[in-house]
Amino acid sequence: MVQNVMVLLPNMQQYFPLLQILKKGGKYGVIGALGGPLVELDVRDLYLKDLSLFGSTYQTKEAFLNLISYIEEGKIKPVIAKEFTLKDIVEAQKAFLSKTLVGKFVLDVTAE
């Protein structure tokens with residue numbers, strides 16, 4: 001599968017190899033540094049395919065509303081790493097800090 005755009009939050013060192021699946025002229029966005037601020041990158045992966053690497057910390061309200069509509073329409077599906085009940089919040093925090101799971105953590109506050 002070849003992509004035009006890829007936006008990633010987790011450990012970038014683990015995901016930089018995904019640059020290989022970006023199309024020529026593709027974009028690679030980063031919205032966090034959970035895996036740490038320093039990564040190793042072979043710059044040939046960027047310039048030989050004319051890729052763009054960008055960071056993002058803020059989006060407009062319009063962009064957020066578009067994102068919500070894409071989710072509601074099923075065009076974007078968040079990746080769920082694991083679900084926890086409220087009574088298992090300590091386990092959830094440990095799993096989050098382990099940085100071994102990819103995706104969102106869901107905390108079900110309605111479960112008994």
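Me: Where is the place of D50?

Reply: Keep in mind that this is a predicted model: local features need pLDDT of at least 70, side-chain atom pairs count only at pLDDT 80 or more, and totals for chains, interfaces and linings use all residues. Residues are numbered from 1 along each chain as its sequence is written, and side-chain values use heavy atoms, with hydrogens and water left out. Helices (H or I, at least four residues) and strands (E, at least two) are DSSP runs, numbered from the N terminus. With those elements marked, D50 turns up in the loop between α2 and β3.

Me: Is D50 buried or exposed, or partly exposed?

Reply: Buried means under 20% relative accessible area, exposed means over 50%, and partly exposed is in between (1.4 Å probe, protein chains only). D50 has a relative accessible area of 48%.

Me: What is phi of D50?

Reply: D50 is a residue other than glycine, and its phi is positive. The value for D50 is near 55°.

Me: Which residue forms a salt bridge with D50?

Reply: A salt bridge here is a side-chain nitrogen of Lys or Arg within 4 Å of a carboxyl oxygen of Asp or Glu. For D50, the closest N and O atoms in the pair are 3.4 Å apart. D50's partner is K24.

Me: How many residues apart in sequence are the parts that this pair ties together?

Reply: K24 is in strand β2 (residues 22-30), while D50 is in the loop between α2 (44-47) and β3 (52-55). The pair therefore ties together parts of the chain, and their separation in sequence is 26 residues.

Me: How many salt bridges does a search of the whole structure find?

Reply: Besides D50 with K24, the bridges include E73 with K75 at 3.1 Å, N to O. Another is D88 with K87, the closest N and O atoms being 4.0 Å apart. The search of the whole structure finds five.

Me: In the D88 and K87 pair, which residue is exposed?

Reply: D88 is partly exposed, with a relative accessible area of 25%. The other residue reaches 66% relative accessibility, so the exposed one is K87.

Me: What pattern does the protein chain follow, read along the sequence?

Reply: The protein chain has four helices and five strands. Read along the sequence, they give β-α-β-α-β-α-β-α-β.

Me: In what sense do β4 and β5 pair?

Reply: Two strands pair if DSSP finds at least two bridges between them. Strand β4 (residues 80-85) and strand β5 (residues 104-108) have five bridges, with T85 partnered to D108 in β5. The sense of the pairing is parallel.

Me: What is the handedness of the β-α-β crossover from β4 to β5?

Reply: The chain crosses from β4 through α4 to β5. A crossover is right-handed if, with the strands pointing away from the viewer, the path from the first strand over the helix to the second runs clockwise. This one is right-handed.

Me: Which residues does A92 touch, not counting those up to four places away in sequence?

Reply: A92 is in helix α4 (residues 89-98) and is buried, with a relative accessible area of 11%. Its C-alpha is 7.6 Å from that of a residue 13 places away in sequence, F105. Counting contacts as heavy atoms within 4.5 Å, A92 touches F84 and F105.

Me: How much accessible area do F64, L65, L67, Y70, I71 and I76 have together?

Reply: These six form a nonpolar patch on the surface; patches are made of residues with over 30% relative accessible area and no salt bridge, joining like charges within 9 Å and nonpolar side chains (Val, Leu, Ile, Met, Phe, Trp, Tyr) within 5 Å. One of them, L65, is in helix α3 (residues 61-72) and is partly exposed at 48%. Accessible areas come from the Shrake-Rupley method with a 1.4 Å probe, and for residues only the protein chains shown count as cover. Together the patch has about 520 Å².

Me: What percentage of the residues in the protein chain is buried?

Reply: The accessible surface of the protein chain comes to about 8,600 Å², with 60% of it belonging to carbon and sulfur atoms. Out of 112 residues, the buried share is 16%.
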